[in-house]
Amino acid sequence: MALVPCQVLRVAILLSYCSILCNYKAIEMPSHQTYGGSWKFLTFIDLVIQAVFFGICVLTDLSSLLTRGSGSQEQERQLKKLISLRDWMLAVVAFPVGVFVVAVFWIIYAYDREMIYPKLLDNFIPGWLNHGML
């Protein structure tokens, strides 16, 4: 019943996304006080989608570890449903939205950097960190 490195990685990614969400909601920004709050930003919506997806991945991994060798048909059926939900969410929601957000950011960044990421932010967020965050 040892954890596989991919399972440990999924837990680490889930914790990372959850910590980013908690820190993001703690920041007082004027745009959060307007209509829609932070939900009007596609990057925030993508972050929530990715956190939910990796939560389902961790739940699937834990379920497969706990039901391994039990031989129960009902548990196997529930696990297959959970795996199909995980696969559906990756194919239909998480991957397309994630790729769209990254592609649109870098296309707009290449076209007009000031429109999406002003040079003023370089004083606070170095370039290498900007590339690592997306």
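**Entry 1: the aromatic cluster**

I began with the rings, and found that Phe 105, Trp 106, Tyr 109 and Tyr 117 form one aromatic cluster. The rule I used pairs rings of Phe, Tyr and Trp (its six-membered ring) if their centres lie within 6.5 Å; planes under 30 degrees apart count as stacked, over 60 as edge-to-face and the rest as tilted. By this rule I get a count of five aromatic pairs. One of them joins Trp 106 and Tyr 109: the ring centres are 4.9 Å apart and the planes stand at 75 degrees, so I log the pair as edge-to-face. Both residues sit in helix H3, three residues apart, which is about one turn of the helix. Tyr 109 also pairs with Tyr 117, and here the arrangement is tilted, with 6.2 Å centre to centre and 50 degrees between the planes.

How covered are these rings? I note Tyr 109 and Tyr 117 as buried. Trp 106 is partly exposed, because its relative accessibility is 24%. My cut-offs: buried is under 20% relative accessible area, exposed is over 50%, and partly exposed is in between (1.4 Å probe, protein chains only).

**Entry 2: a note on the model**

This is a predicted model, where local features need pLDDT of at least 70 and side-chain atom pairs count only at pLDDT 80 or more, while totals for chains, interfaces and linings use all residues. Residues are numbered from 1 along each chain as its sequence is written, and side-chain values use heavy atoms, with hydrogens and water left out.

**Entry 3: the overall fold**

I looked up the elements next and found five helices and zero strands. From the N terminus on, the order is α-α-α-α-α. Helices (H or I, at least four residues) and strands (E, at least two) are DSSP runs, numbered from the N terminus.

How much of the protein is buried? Of the 134 residues, buried ones make up 26%. The protein exposes about 9,200 Å², and carbon and sulfur atoms supply 71% of that area. These areas come from the Shrake-Rupley method with a 1.4 Å probe; for residues, only the protein chains shown count as cover.

I also checked contacts, meaning heavy atoms within 4.5 Å. Among contacts with a separation of 6 or more, 58% are between residues 24 or more positions apart.

**Entry 4: salt bridges**

How many salt bridges does a search of the whole structure find? It finds three. I count a salt bridge when a side-chain nitrogen of Lys or Arg is within 4 Å of a carboxyl oxygen of Asp or Glu.

- Arg 10 bridges to Asp 61, with the closest N and O atoms 2.9 Å apart. This pair links distant parts of the chain: Arg 10 is in helix H1 (residues 5-26) and Asp 61 is in helix H2 (residues 42-67), 51 residues apart. Arg 10 is partly exposed at 22%, whereas Asp 61 is buried at 9%.
- Arg 77 bridges to Glu 74, the closest N and O atoms being 2.8 Å apart. Both lie in helix H3, three residues apart, about one turn of the helix. Arg 77 counts as partly exposed at 39%, and Glu 74 counts as partly exposed at 40%.
- Arg 86 bridges to Asp 87, where the closest N and O atoms are 3.3 Å apart. Arg 86 is buried at 17% relative accessibility, while Asp 87 is partly exposed at 40%.

**Entry 5: the surface and Phe 100**

Which residues make the nonpolar surface patch of about 290 Å²? I have Leu 85, Trp 88 and Val 92. Patches are made of residues with over 30% relative accessible area and no salt bridge: like charges are joined within 9 Å, and nonpolar side chains (Val, Leu, Ile, Met, Phe, Trp, Tyr) within 5 Å. Val 92 is in helix H3 and is partly exposed, with a relative accessible area of 45%.

I then looked at Phe 100, which lies in helix H3 (residues 73-111). Phe 100 is partly exposed, because its relative accessibility is 48%. The C-alpha atoms of Phe 100 and Asp 46 are separated by 9.5 Å, although the two residues are 54 apart along the chain.

**Entry 6: the record**

Last, I opened the unreviewed UniProt entry, which lists residues 42-67 and 88-111 as "transmembrane region". UniProt positions are given in the numbering used here, feature names are shortened, and annotations may be inferred rather than shown by experiment. In the model, residues 42-67 are 100% helix and 0% strand, with end C-alpha atoms 37 Å apart. Residues 88-111 are also 100% helix and 0% strand, and their end C-alpha atoms lie 34 Å apart.
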